Amino acid sequence: MRLLVLLSALLIATASWAADLGYQKDVAVKSPTRLDWIFVLANQSLPEAPAEWLGKYDSTNQRYDYFAPEKPAAPKEGRAAILFISAGNEPAGWKNFEATCRKQGIVFASPHGAGNNTPMPQRVRIILDVLDDLRQREKIDPDRTYIAGFSGGGRVACAIAFALPEVFGGVIPVCAGGELREEQWLRHRVADRLSVAFLTGANDFNRGEIERLRSPLLSAMGVRTKATVTPGLGHGIPNDKVCEAAIKWLDEAAPARRKLADKYPASRLKGDAVPSREAASQLLLEEALARAEQREARYSGLMQLMGIRTRWADLPAAQRALEVLTKYERDPDRAWEEEDIAEQRRALIARARGLDAYGSGDLPAQYAKQRPDMLQAAIELWKQVIADGADKAAVAEAQRRIPALEKLIKDK
């Protein structure tokens with residue numbers, strides 16, 4: 001009898017374990033996210049979000065579709081994962097990534113109710129509720145966790161990854177793109193850690209934005225970037241072969257991400273835990289101080305200290321950051337200022353070129369009315385390049401392009 005009881009218990013346990021494998025619909029989020037979702041929407045990590053951001057939203061009512069692979073066996077670092085954001089309220093992306101996920105043992109998740117019509121604070125919260133729930137269900141590798149999304153979902157994927165690069169290894173924006181954050185230290189972190197695999201169709205109305213603006217701009221800022229155009233595809237998600245190639249390309253940089261995290265643990269959120277605001281600020285402070293002591297890394301360290309001052313203004317790490325920043329402000333060796341100016345100049349030139357290329361090239365009918373504003377914005381940026389005067393080649397380019405853009409505006 002005892003043997004029968006043991007066998008029955010084993011069968012029940014096996015059945016329960018098997019039920020957790022394969023593709024599942026409507027999986028419930030167990031608890032509110034611990035990830036810093038507020039920072040995606042603001043320049044500070046506040047203890048509490050403004051009440052109007054979420055209204056009556058309840059994390060435990062949130063659902064998502066989920067794939068838990070049975071094989072191959074998970075690597076010691078954990079499984080790769082894809083979090084896909086739909087443009088609509090239904091999950092998306094599974095049929096495009098299914099073959100790759102099954103073959104390579106990659107976890108997949110896509111939220112319900114996180115489409116373009118969802119208010120942005122709630123949309124971000126839904127996505128990070130799902131991601132944190134996923135992190136607690138599976139041992140996933142942050143160096144191979146990729147946030148993806150279609151159209152408006154791709155823009156949100158960029159916004160989240162560019163704010164919280166420590167949680168991801170890369171982004172797959174499909175038929176869309178996104179802006180880097182204004183904070184210099186975050187731009188550095190994105191460039192050091194993330195890869196961005198843009199996917200678009202040859203007939204996608206957002207192709208020009210991706211090929212001529214978003215991808216070149218990120219690349220100019222030092223971000224590992226690749227844009228893939230699928231022949232015959234319009235505004236849609238490409239086939240499984242294209243998606244598999246994107247994952248392969250993103251995976252190629254995983255060793256570099258691990259190496260960075262070994263040196264600077266704050267660059268990666270490992271395991272299923274989430275540090276408190278105090279612990280996160282202290283960890284970044286330790287990295288910033290280590291960088292500031294190295295002359296070749298001083299600029300990046302000082303930018304991190306400035307980031308700490310703003311992001312966690314109410315915490316002790318912010319006061320310590322201010323003390324160190326004050327010391328370096330008084331230091332006669334201010335070579336870091338030259339780096340700061342050079343980076344701002346690089347961003348200015350890259351943005352002028354990107355807006356010029358996008359606005360002066362082919363535009364779909366729905367964007368044609370925006371052309372004069374794009375061109376005028378490019379002209380104003382080119383004028384700033386001329387006023388700066390430091391990059392002679394860029395100044396000459398600006399002097400050529402301004403009359404050409406003014407003519408385009410006049411002719412339209």
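Me: How many bridges join strand E3 to E5, and in which sense do the two strands run?
Reply: In this predicted model, local features need pLDDT of at least 70 and side-chain atom pairs count only at pLDDT 80 or more, whereas totals for chains, interfaces and linings use all residues. Residues are numbered from 1 along each chain as its sequence is written, and side-chain values use heavy atoms, with hydrogens and water left out. Strands (E, at least two residues) and helices (H or I, at least four) are DSSP runs numbered from the N terminus, and two strands pair if DSSP finds at least two bridges between them. E3 covers residues 79–85, and its link to E5 is parallel, with 6 bridges.

Me: Which residue of E5 is the bridge partner of Ile82?
Reply: E3 and E5 run parallel. Within E5, the partner of Ile82 is Tyr146.

Me: Which residue in E6 stands opposite Gly149?
Reply: E5 also pairs with strand E6 (residues 170–174), in the parallel sense and over 5 bridges. Opposite Gly149, the residue in E6 is Pro173.

Me: What is the handedness of the β-α-β unit made by E5, helix H5 and E6?
Reply: Helix H5 spans residues 152–163. A crossover is called right-handed if, with the strands pointing away from the viewer, the path from the first strand over the helix to the second runs clockwise. The unit of E5, H5 and E6 is right-handed.

Me: Why is strand E5 described as largely enclosed by the rest of the structure?
Reply: Buried means under 20% relative accessible area, exposed over 50%, and partly exposed in between, with a 1.4 Å probe and protein chains only. Strand E5 (residues 140–150) is largely enclosed because its buried residues number 11 of the 11.

Me: How many disulfides does a search of the whole structure find?
Reply: A disulfide is a covalent bond between the sulfur atoms of two cysteines; the criterion here is a pair of cysteine sulfur atoms within 2.5 Å. The search of the whole structure gives a count of 0.

Me: Which cysteine sulfur is nearest to that of Cys175?
Reply: Cys175 is in no disulfide, and the nearest cysteine sulfur is 11 Å away. Cys175 is buried, at 0% relative accessibility. That nearest sulfur belongs to Cys243.

Me: With which residue does the side chain of Ser45 make a polar contact of 2.7 Å?
Reply: Ser45 lies in the loop between helix H2 (37–41) and strand E2 (63–68) and is buried, with a relative accessible area of 1%. A polar contact is a pair of N or O atoms within 3.5 Å; within protein, one must be able to donate a hydrogen and the other to accept it, and residues adjacent in sequence count only if both atoms are side-chain atoms. The side-chain partner of Ser45 is Arg311.

Me: Which backbone nitrogen lies 3.0 Å from a polar atom of the Thr33 side chain?
Reply: Thr33 is in the loop between strand E1 (22–28) and H2, and counts as buried at 10% relative accessibility. Leaving out residues up to four places away in sequence, its contacts (heavy atoms within 4.5 Å) are Arg125, Leu128, Asp129 and Asp132. The backbone nitrogen in question is that of Leu35.
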